[in-house]
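Open the model in your viewer and keep the selection tool ready. The tour visits some aromatic pairs, then a sheet.

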Amino acid sequence: MKQRFKMNLSVLLLLVAGLPSFSQVYLDAKTSDPNEIGWMKGFPPPKGKIISASDGSFFRFPALRYSVCHLREFMPTKVVKASTDKHYKFRQKLDKNIDKVTFRPLNSSATITWLESLELNYTDGILILHKGKVVYEKYFGALELNGVHAAMSVSKTFTGTLGALLVEEGLLDENKTGADYVPELKKSAFGDATIRQILDMTTGLKYSEDYSDPNAEIWAFSAAGNPFPKPASYSGPTNYYDYLVTVQKEGEHGKVFGYKTINTDVMGWIISRVSSKSIPELLSERIWKPLGTHVDGYYQVDGAGIAFAGGGLSANMRDMGLFGEMIRKKGKFNKTQILPEALIEDIMNGGNKDAFNKSVYSSLKGWSYRNMWWHTHNEHGAFAARGVHGQTIYIDPKAEMVIVRFASHPEAKNSKIDPTSLPAFHAVAKYLISK
């Protein structure tokens, strides 16, 4: 049964994965700057400047350039508590020459500068760490130094890392199945999927995220997670977990990489069941506080208070940098071994290339996916957390570099953003190595 809300469900769909790709002409980064447009300013704001979750307007471009920094004003959330003391402070030595670094975008014969690429990608914030120092930092649009920004599917990487941590600690056995830990999943596709297959998204699921198809399963998932009151006629699942038990198997587990958000949300359920903690609580306890973070983050939650593990995190950019640097340093940071070195090495080695190459990601040739991290397998061994509309934590071990970018590109798909991002990141890495 596929039931739609009268409310625009793109509100939730966008947070899950992204928009369908249409050929459109959008306002450029300067013209769409939320500070210039004046969204939600005034007491009250003028009628034309009010955006809302109830009609989905808060996540339509260009309004999304405001909302990505203010999601808590539109959706129910649960806090990820930052450290209350021992806040870590990066050393800083800014390098103005990074703006002049040139590169050639994918499928282009012309070169552009790093600085030019920021506007093309509707960058809201960009942070570059080199050997643990801040060498570059800029803020645009609605993002401020102490603010937070929607991380989108970068959220998956935090869930995957927590899951892999519990495997390393023996609380989860990667060869056991979803049903071994959550018996309610027994009749679902996740019932006989192993923890490893879920973490690496090689599950065979009857689940489509084709947003142009009104019968795609993504709509039922979004409806279940909608935190607002359901209409009287609605009889489907009422939260994320209720939906997950309905997912059916299609194909064979372990053969093909299939990037599907529900893998992350079922992993979130498994993690919470074995740890007796919600994802926001566990992330705070095991990673956020030990890092010495400064700003509370938060997760979007559904009507049952369940955190959207697959895309609901909002966080501070410098705090994300702390996480990226800790990963680069193989789990040791702020004088503490926060995550086991063996876990980080497993992430850095990447996943099954054959399974990835059988997927639809032909533009990411030679890549792999492991513990919900994307691995480029380029000559620098770079790997990344990635989210729609331009969110990323990009780690280049050889260059000793971490890049955190928040963005609000009008196109959700990374395929629209990668041409002026991936070669840009690599060009900066090579520049830093050459210094």
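**Aromatic pairs**

Start by selecting F58 and F74: both are buried. This is a predicted model. The rings of F58 and F74 form a tilted aromatic pair, 4.9 Å centre to centre, with 40 degrees between the planes. F58 sits in the loop between helix 2 (34–37) and helix 3 (64–67), and F74 in the loop between helix 3 and strand 1 (77–80). The two are 16 residues apart, and the pair links distant parts of the chain.

Next, select Y240 and F308. Their ring centres are 5.4 Å apart and the planes meet at 25 degrees; under 30 degrees counts as stacked, so this pair is stacked. Y240 belongs to helix 9 (residues 240–244), while F308 lies in the loop between strand 8 (297–300) and strand 9 (313–315), so the pair ties together parts 68 residues apart in sequence. Both Y240 and F308 are buried.

**An aromatic cluster**

Now select F257, Y259, F356, Y361, W367, Y369 and W374: they form one aromatic cluster.

Switch to cartoon view. Follow the open sheet of eight strands in the order 2-6-5-16-15-14-13-12; the pairing is mixed. Strand 2 (91–92) and strand 12 (368–370) stand at the edges, each with a single partner strand, so one side of each has no neighbour in the sheet.

Zoom in on strand 5 (residues 123–130) and strand 6 (residues 133–139), which pair antiparallel over six bridges. L129 has V134 in strand 6 as its bridge partner.

Finish at helix 15 (residues 422–434). Helix 15 lies across strand 5, strand 14 (383–387), strand 15 (391–396) and strand 16 (401–407), and runs at about 150 degrees to strand 16.

Terms used. Residues numbered from 1 in each chain as written. Predicted model: local features only at pLDDT ≥ 70, side-chain atom pairs only at ≥ 80, totals over all residues. Heavy atoms only, no water. Phe/Tyr/Trp six-rings, centres within 6.5 Å; stacked < 30°, edge-to-face > 60°. Helix = DSSP H or I, 4+ residues; strand = E, 2+ residues; numbered from the N terminus. Buried < 20%, exposed > 50% of the residue type's maximum accessible area, 1.4 Å probe, protein only. Pairing = 2+ DSSP bridges. Contact = heavy atoms within 4.5 Å. Axes fitted to C-alpha atoms, helices over the stretch in contact; angles between N-to-C directions.
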